[in-house]
Amino acid sequence: MWFKNLQIYRVPAGWTMTAEALEEQLARKRFQPCGSQDQETRGWLSPTGDEFLVHQVGGQWLIALGVENRLLPSSVVKQEAEERAEALADQQGYKPGRKQMKDLREQVLQELLPRAFTRRRKAFAWIDPTGGWLGIDAPSQARAEDVLEVLRQTLDTLPLALVRTELSPTSAMADWLAGNEAPAGFTIDQDCELRSVSEDKAAVRYVRHPLEGDEIKGHLTAGKLPTRLALTFDDRVSFVLTEKFEIKRLDFLDVVKENLDQAGAEDARALFDAGFALMTGELQRLLPAVVEALGGELKGGEAAGFGESPAAPAAASSASAPAAVAGDAPW
């Protein structure tokens with residue numbers, strides 16, 4: 001149980017949900033496989049394969065959203081409908097009209113759906129009710145929104161707050177690179193992306209390349225600002241920080257995983273629990289440290305209740321922050 005990415009949200013103080021109440025409310029929308037005419041279904045699964053929808057270890061909670069899709073490309077439906085339209089035109093002596101074509105496509109869809117293969121995926125979310133964190137293992141905010149959308153439909157209330165810091169990740173990363181000095185407890189690794197704020201959106205990416213020296217400073221002077229920077233925290237966790245305050249390419253290093261070997265777990269369930277406990281323990285140290293490196297958390301941050309989409313949990317922007325980068329290709 002090791003997250004690869006982390007989309008981060010705040011659970012405000014005063015949230016009184018218990019694990020038992022969360023279990024009861026998630027059960028309202030328990031996962032069901034696609035029916036014969038369903039193109040997609042979403043619902044809550046047990047993270048560990050037992051009957052419980054909330055897995056608890058050391059006061060930390062793990063939940064899992066199951067999503068199942070029927071693999072029926074629209075091009076297949078279109079092709080079959082066009083073939084039937086040609087046959088119909090031969091019978092009636094004229095091409096089908098718009099309404100007939102719509103009916104044909106719907107008929108083809110209904111006939112092919114039950115025969116289409118299905119694909120299932122699972123998205124995990126970690127909740128730290130004491131520290132006030134909700135983290136979703138998703139490579140993009142759009143994928144995290146899949147989980148949040150179903151939470152909106154399921155829970156009575158979960159008023160998330162956006163993480164707001166004194167410094168934007170962009171301005172802080174630029175300062176670290178310009179001074180060739182990481183914040184306390186961190187080291188700068190060898191991956192980085194810088195992007196121009198001008199209209200051309202020129203970008204340069206470094207992979208396994210030393211980031212100290214005049215070359216990086218030259219890009220900063222020319223107006224390019226960092227949008228991603230690889231860091232290591234306390235020689236225990238490496239990750240990529242993005243300008244949107246996302247944690248990507250999360251990797252728990254050998255010094256952490258050695259503790260898992262020392263835990264002496266005797267079966268798969270015990271091993272899962274030990275891994276989850278180690279991971280959440282590291283994240284409980286990492287996230288406050290990242291916030292502190294960005295100047296600390298702003299007080300009275302904007303709340304993002306489930307009536308709106310918390311799809312951009314970026315830190316507070318400085319005047320030098322760049323425009324949002326189009327797309328979200330993984331590194």
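This report describes selected residues and the nonpolar cores of a predicted model.

## Basis of the description

The model is predicted, so local features need pLDDT of at least 70 and side-chain atom pairs count only at pLDDT 80 or more, while totals for chains, interfaces and linings use all residues. Residues are numbered from 1 along each chain as its sequence is written, and side-chain values use heavy atoms, with hydrogens and water left out.

## Two helical residues

Helices are DSSP runs of H or I with at least four residues, numbered from the N terminus. K217 belongs to helix α6, residues 214-221. With 37% relative accessibility, K217 is classed as partly exposed, a term for values between buried (under 20% relative accessible area) and exposed (over 50%), using a 1.4 Å probe and protein chains only. A distance of 9.3 Å separates the C-alpha atoms of K217 and N180, which are 37 residues apart along the chain.

E282 is part of helix α8, residues 268-293. Its relative accessible area is 6%, so E282 is buried. Beyond its neighbours within four places in sequence, E282 is in contact (heavy atoms within 4.5 Å) with R236, V237, F252 and V256.

## The nonpolar cores

A nonpolar core is a set of buried Ala, Val, Leu, Ile, Met, Phe, Trp, Tyr and Cys residues joined through side-chain atoms within 4.5 Å. The largest one has 51 residues, of which F3, W176, F186, F239, L241, L250 and L286 touch the most other members. Helix α8 supplies the largest share of this core, 12 residues. Another core, of 28 residues, lies apart from it and includes V11, I63, V67 and L148.
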